[in-house]
Amino acid sequence: MTTELDATAAARLRDADQRYTTSRRQIVGILAEAGRPLTIAEVQAASGGLPQSSAYRNLAVLEQAGVVRRVLATDEFARFELAEDLTEHHHHLVCTRCGSVLDFTMSSALEEALERTARTVRARTGFTVQAHRLDLTGVCADCAD
Ligand SMILES: [Zn+2]
Ligand SMILES: [Zn+2]
């Protein structure tokens with residue numbers, strides 16, 4: 001985990017009147033390392049023994065403080081990743097068989113096309129686009145075998 005990420009996470013928790021405990025710091029580090037959204041079970045496994053209730057509670061606090069965001073996938077398992085402003089803008093590849101989620105960065109040409117679309121939307125409807133989400137759904141390499 002970078003010092004900057006560490007400092008930003010600490011500041012956001014402080015602003016939310018929450019402590020940056022060892023467990024919370026560890027979870028931020030795990031999510032930073034993973035490079036893809038993780039389930040609670042995966043966070044637990046990487047933490048080496050954090051109880052599920054504690055992992056869940058800490059993720060909820062981190063989410064509320066704006067450090068972590070919940071990723072919607074196709075299965076019942078919530079997944080978590082660092083807030084996008086702490087990492088970089090990206091999209092998700094969602095497997096409709098196993099529910100796995102991978103990060104994917106779109107080409108700048110596509111991102112620019114979406115920016116233009118946002119301007120068109122505003123001109124036509126008055127709706128101000130602040131962000132976009134675009135998931136690609138399909139079958140992951142493991143499930144395709
Ligand atoms: Zn899959
Ligand atoms: Zn995008």
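**Helices and sheet**

Tutor: Start with α2 and α3, which are roughly perpendicular to each other (65 to 115 degrees counts as such; under 35 is roughly parallel, over 145 roughly antiparallel, the rest oblique). This is a predicted model: local features need pLDDT of at least 70, side-chain atom pairs count only at pLDDT 80 or more, and totals for chains, interfaces and linings use all residues. Residues are numbered from 1 along each chain as written, chains are lettered from A and ligands numbered from 1 in written order.

Student: At what angle do α2 and α3 pack?

Tutor: The angle between α2 and α3 (residues 40-47) is about 110°, and their axes are 10 Å apart. Axes are lines fitted to C-alpha atoms, for helices over the stretch in contact, with angles from 0 to 180 degrees between N-to-C directions. Q26, I27 and I30 of α2 meet V43, A46 and S47 of α3 (C-beta atoms, placed from the backbone, within 7 Å).

Student: In what order do the strands form the sheet?

Tutor: Strands of a sheet pair through backbone hydrogen bonds, either parallel or antiparallel. Here 3 strands form an open sheet, β1-β3-β2, with antiparallel pairing (at least two DSSP bridges). β1 (38-39) and β2 (68-71) are at the edges, each with a single partner strand, so one side of each has no neighbour in the sheet. Between β2 and β3 (residues 79-82) there are 4 bridges, and V68 faces L82 in β3.

Student: Which strands does α2 lie across?

Tutor: α2 (residues 22-34) lies across β1, β2 and β3, at about 90° to β3. Helix α4 (residues 52-64) lies across β2 and β3, at about 110° to β2. Helices (H or I, at least four residues) and strands (E, at least two) are DSSP runs, numbered from the N terminus.

Definitions and conventions. Two residues are in contact if their C-beta atoms, placed from the backbone, lie within 7 Å.
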